[in-house]
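Notebook open, viewer loaded. I want to go through this one piece by piece and jot down what I look up.

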Amino acid sequence: MALKEYWKKRDFKQTPEPSGKVLKKNAHRFVVQKHHASHLHFDFRLEMEGVLKSWAVPKGPSLDPADKRLAMHVEDHPVSYFDFEGTIPEGNYGAGTVMVWDLGTWEPLGDAHEMLEKGDLKFRLKGKKLKGDFVLARMRSRRPGSKGTEWLMIKKRDEAVQPGFDANSAKLDYSVLTKRSLAEIGGDAESRRWQSNRPVANATSKSRSGGKKSKNAWLADAIRKHDQNAVKTSTPSAKKKAAQKKAA
Ligand code: MN
């Protein structure tokens, strides 16, 4: 993939994100960025083959093996994205606030290139928040038109397991670089806007790049699916609340 797709989506006169380049040396760092774009999600990135191989994980990685986290394979990012934290202005691709949620090194448990091609990537993380063994497994496409971008990120059983882990908990809402919360990075106006909790349909139909269909539509779909599942399995009072919300 290299970085063509990454460059195509961005105007580097408008966004503070790095334009970057493909590096010749190959280190094994990883980063997880908490990204409040039109929808809150986490971007999981592994340094590999001179770029950051990237997946958007709507609910964030989990240390609980019972959580199979949907992970959408997205365009490679430059390695210099590794410590990008800040706000991408309105009107740009991925507009919103980015936090460096976790950093560390990773170790492939096998031939990294082969595992990636096969869609069965096994690795060990040594981060500040994420540790231990994981697998990223490509799902067999079930929908016509699916581009094979849906993967699952699953924690393996080891001593790093934490049942009920929630990447989006307030306790973990801090940057490993600057210790700031997402609201602190984004500023007060931004944090108020996030709490308005716009419906998914609104967020997808409204474009952030001037009339074109939202490129994050897949993310909205993924989140809607997850929200539906959450309602199914949650308490009766939560179901009631969800029903009321729908009716409103
Ligand atoms: Mn993102």
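This is a predicted model: local features need pLDDT of at least 70, side-chain atom pairs count only at pLDDT 80 or more; totals for chains, interfaces and linings use all residues.

**Entry 1: Phe123 and its surroundings.** I listed the contacts of Phe123, skipping residues up to four places away in sequence. The list reads Phe44, Leu46, Trp106, Glu107, Pro108, Leu109, Gly132, Asp133, Phe134, Val135, Leu136 and Met153.

Next I looked up the nonpolar cores. The largest has 29 residues, and Phe44 and Phe123 have the most contacts inside it. Strand E2 gives the most to this core, with four residues. Apart from it I found another core, of 13 residues, with Tyr6, Val31, Ile88 and Leu103 among them.

**Entry 2: strand E7.** Which residues of E7 are on the covered face, and which on the uncovered one? Going along residues 120-127, I put Leu121, Phe123, Leu125 and Gly127 on the covered face. Asp120, Lys122, Arg124 and Lys126 make up the uncovered one.

Then I checked the pairing. Strand E6 (residues 96-108) runs antiparallel to E7, and five bridges join them. Within that pair, Pro108 has Phe123 as its bridge partner. With strand E8 (residues 131-138), E7 is again antiparallel, this time through seven bridges. There I see Leu125 standing opposite Gly132. E7 and E8 form a hairpin, with three residues between them.

**Entry 3: the manganese ion.** What coordinates the manganese ion? I get His35 through ND1, His41 through NE2 and Asp43 through OD, at 2.2 to 2.3 Å. Along the chain, the donors follow the spacing H-x5-H-x1-D.

I also looked up how accessible the histidines are. His35 comes out at 7% relative accessibility, so it counts as buried, the cut-off being under 20%. His41 is at 4%, so His41 counts as buried too.

**Entry 4: Arg69.** Is Arg69 buried or exposed? Its relative accessible area is 12%, so I file it as buried. Arg69 is in strand E4 (residues 68-78).

What does its side chain meet there? A polar atom of the Arg69 side chain lies 3.0 Å from the backbone oxygen of Gly60. Leaving aside neighbours within four places in sequence, I noted contacts of Arg69 with Val57, Lys59, Gly60, Pro61, Ser62, Trp151, Leu152, Met153 and Phe165. Met153 had already turned up in my list for Phe123.

**Entry 5: positive phi values.** I went looking for residues other than glycine with a positive phi, and wrote down two.

Glu49 has a phi of about 55 degrees and is not a glycine. Where does Glu49 lie? I find it in the loop between strand E2 (40-48) and strand E3 (51-57). With a relative accessible area of 34%, Glu49 is partly exposed.

Lys179 is my other entry, with phi near 65 degrees. The loop holding Lys179 runs between strand E9 (150-155) and helix H3 (182-186). At 57% relative accessibility, Lys179 counts as exposed, because the cut-off for that is over 50%.

Terms used: Residues are numbered from 1 along each chain as its sequence is written. Side-chain values use heavy atoms; hydrogens and water are left out. Donors are N, O and S atoms within 2.8 Å of the metal (3.2 Å for Na, K and Ca); water is not among the atoms, so sites may look incomplete. Buried means under 20% relative accessible area, exposed over 50%, partly exposed in between (1.4 Å probe, protein chains only). Two strands pair if DSSP finds at least two bridges between them. A nonpolar core is a set of buried Ala, Val, Leu, Ile, Met, Phe, Trp, Tyr and Cys residues joined through side-chain atoms within 4.5 Å. Contact means heavy atoms within 4.5 Å. A polar contact is a pair of N or O atoms within 3.5 Å; within protein, one must be able to donate a hydrogen and the other to accept it, and residues adjacent in sequence count only if both atoms are side-chain atoms.
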